[in-house]
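Subject: Structure for you, with notes

Hi,

Here is the structure I promised to pass along. My notes on what turned up follow below it.

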Amino acid sequence: MKAVAETEKQRWERETLEPTLKKSPERAQSFTTISGRPIERLYTSEDLDGLDYKRDLANPGEFPYTRGIHPTGYRGKLWTMRQFAGFGTPEETNQRYKTLLKAGGTGLSVAFDLPTLMGRDPDHELSLGEVGKCGVNITSLADMETLFEGIPLGGITTSMTINSPAAMIFAMYLVVAETQGADWKTLSGTIQNDILKEFIAQKEYIFPPRPSMRIITDIFGFCASQVPKWNTISVSGYHIREAGSTALQELAFTLRDGVEYVQWGVDAGLDVDDFVPRISFFFNAHSDFFEEIAKYRAARKIWAHVMRDRFGAKRDRSWKLRFHSQTAGVSLTAQQPYNNVVRTALQALSAVLGGTNSLHTNSLDEALALPTAEAATLALRTQQIIAHESGVTNVADPLGGSYFVEKLTREMEDGALAYFDQIDRMGGMVEAIERGFPQKEIAESAYRFQQAVERKDKVIVGVNDFVQEDEPPIEILYIDESAAEKQLARLDRLRQTRDNGAVARSLDRLRAVAKTTDNLMPPILDAVRAYATIGEMCDALRDVWGEYEETPII
Amino acid sequence: MRKLRVVIAKPGLDGHDRGAKVIARALRDAGMEVIYTGLRQTPEMIAAAALQEDADVIGLSILSGAHNHIAPRLMELLKQKGLDDVLVVIGGIIPDVDIPKLKEIGVKGIFLPGTPMQEIIEFINTNARARSEV
C-alpha cells in the first residue's frame, strides 16, 4: 500500500538520500550555524509553506522591504564605504582622514579613545595609559577644530562612534561646521548615541539609564528642528554580537532597543514621523554567510511592521530600516593574520547581499593593534572589489527566493518577535537591562561558543586547526606615549588661555538645566563654545545624576 | 588542599569584558574560586581586592593598550603589600615588543588572543600555589 501524503522531499529522502547515507555518512551528526542554529541538509519549496510573496517579501522599495529599501538595489547608488579610523592626537587622525578620502573613501567615521568615550580628560587618573590608544583623543572644541582642519564638513558625511558624551561631541562638531560656514540644515552624518547597548554589551556608560535616555530624546528633539538631516542615533547590534551574542540575539536586542528609543521619544511628546526617519541601525557582519544575510532581511521586515503597526507611523521613511555594517572584529585572529583578509571579504559580501547601506571592512592586523595605513587601504579595496568586480551589485536582493535564505529569514523574524514578547512582559528594555536579562543571555552564548571552539566543534583556521608554528611577525602600528604628552600639554595651555569664568558659568547653567526637563543641547552648545572640556561637562552632569555602576554577571 | 583563589580584574577604562567573563567562568568550572572585580579598576583597587580576597592569582584582562602603565603600578603595589608571591597573568592584546618588559617586572603568564582556555587553566595550576601552603 502506498503512503497517501508523501511529499516530494520525503520521496527524495527515501529513494535518493537514504541509499547514499548508507554508503557514505555525513561528516557530522548535526550541522549548525556559528550561532548554534541547526541547519537542515536541504531546503525546498516545502519549507516555505504559507509564504506570501507580496505580504512577506515584496519587491524592493515596497513594504515590508524584506528585499531592500531601494527599488534599484545598488544600481542607483552603491553603499557608503565608511572606514572607521582614529588614533593618537587630532593632528595624526586628520592626516589619516585625508589619506582615506584621497583613496576613494566616501565618508568619515571617527574612532575616539577611551577617555573621550568615558567623558574623562587626559589628566584624570583613569585615563592613565589610555590617551590616544584606541582612537583619537578629543578633549575640547580646540581638538575638534584640528581634527577636521582642511575637511569641509558641508561636503562630506561623518559618523561618530560616541555614546555617553554624544551630546557634547555632537555640539563640538556643530560648532566646527558653523565656523567653517556650513549650514546645520544641510549637515549630514551620524552619531552612534546608543546608550542601551552600552549597558547591555560594550559598557561605556557614564550616567544611569534613565537620565541617559533623556539626553537621547533631547537630541532627537533638537535635531528634528535644528539639524534635520542628521542621523541622531545608530542603534547598534555590532557590540552586542562582539560581546558574544548569537545572530538572533543581536537582531532581537538591537531592534527592541530601537523600539525603546521610539517609545521614549513618543512619551516625550515627539511625533513618530518627525524623528524616526533619522534613526538608523548598525549590525555586525559575522562569518556565517547565510545566517547574516537572513538577519539583515528579517531586520528590515520587522522594523517596517513595528513602525507601522505598533507606533502607527505614516511616512514610508519611518518604515524603512537603513543600516551600517561592520565586519566582525571578534572573528579576526592574531594567528596567520593574512587569513583575516579572506574572512573580511566574505563577511563584507554577506552585508552587501543583505542590502547594507554603508559598510566598514576591518583590517587584517586588528587582532594585534589599530590598523596601519596599508592595512586600512587593503580593507577599503576589498569593498571596492566587491562593488566593481564581483557583479553582485547588478541586481537587487540576488538571494531573494532562495528556499534556504527565505526559510532562515522567517526563522530569524519569529525568533526576534519571541524575544520582543519576553522583553515587553518585563516592562521594556530599560527594565530588562536593569534586571540583567540581555547581559545574561549574551554571557551564556559567549561561553557556549568558547566551549565549542575548545572542543573543536567550531573550527577557527589557524587557531584550533591548521595551526602554523613559527609565524613571521607582521608590521603593526605601535602607539607610544607621545599622544598623551601632547594632549596633556594642550589641555594645560587651554586652561590658561580660555575665559575660565565663562566656562564656570556655562557649567553652572548645564547643571541647572539638567535638574529641569528642558532640552540639554543649548547649554551644552554654550559650554562647548566656551571651550569647556569633555571631562568638565560630564562632571557637571555627574554632579546631578551620579554615575552608573553595574552588578557584574559572569 | 584549599581551592586556588583567583581575582579576575578588568583595569582601565575599557568595557570589553567578554574575555574576562569567559575566563572567569572557565576557571570556576575548572575548580578554582573566582572573584570577578567588574569594570574600571585602578591598580590600587586590584591590589586591595587581592589582599582582601587572599588571592593566589590575579588575572588582568587588558585590550586597550594601557598594560605598560597598569602592570608596573600593580606589581609595585603588590610588593608594598607583601603580595609578591601572588601569580600575576595578563590576557588580551599585547604587542610582542612589550612582552619582555612585562615578564621582567614579574608578570608570569601573558596570553594572547586565541589561547585555549585549557592552556590557561594548566598554566595556573602549574604555577600557582595556594598561599596558605607557602
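Two residues are in contact if their C-beta atoms, placed from the backbone, lie within 7 Å. Axes are lines fitted to C-alpha atoms, for helices over the stretch in contact, and angles run from 0 to 180 degrees between N-to-C directions. Helices (H or I, at least four residues) and strands (E, at least two) are DSSP runs, numbered from the N terminus.

This is a predicted model, in which local features need pLDDT of at least 70 and side-chain atom pairs count only at pLDDT 80 or more, while totals for chains, interfaces and linings use all residues. Residues are numbered from 1 along each chain as its sequence is written, and chains are lettered from A and ligands numbered from 1 in the order in which they are written.

Let's begin with the sheet in chain B. Five strands make up an open, parallel sheet in the order β2-β1-β3-β4-β5 (strands pair if DSSP finds at least two bridges between them). At its edges are β2 (33–36) and β5 (109–111) of chain B, each pairing on one side only. From one strand to the next, the twist averages 20°. Helix α1 (residues 18–29) of chain B lies across β1 (5–9), β2, β3 and β4 of chain B, and runs at about 160° to β2(B).

Strands β3 (residues 57–62) and β4 (residues 87–92) of chain B pair in the parallel sense over six bridges. Among the bridge partners in β4(B), B:Val88 goes with B:Ile58 and B:Gly92 with B:Ile62. Six of the six residues of β4(B) are buried (20 or more other C-beta atoms within 10 Å of a residue's own), so this strand is largely enclosed by the rest of the structure. B:Leu87, B:Val89 and B:Gly91 point one way from β4(B), with B:Val88, B:Ile90 and B:Gly92 pointing the other way.

Next, a helix pair. Helices α2 (residues 43–52) and α3 (residues 67–80) of chain B pack at an angle of about 40°, their axes 9 Å apart. In the contact, B:Pro43, B:Glu44, B:Ile46, B:Ala47 and B:Ala50 of α2(B) meet B:Ile70, B:Arg73, B:Leu74, B:Leu77 and B:Leu78 of α3(B).

Finally, the two chains: 34 residues from chain A and 30 residues from chain B take part in their contact. On the chain A side, α18(A) gives the largest share, five residues.

Happy modelling!

Notes:
Buried ≥ 20, exposed ≤ 12 C-beta atoms within 10 Å, placed from the backbone.
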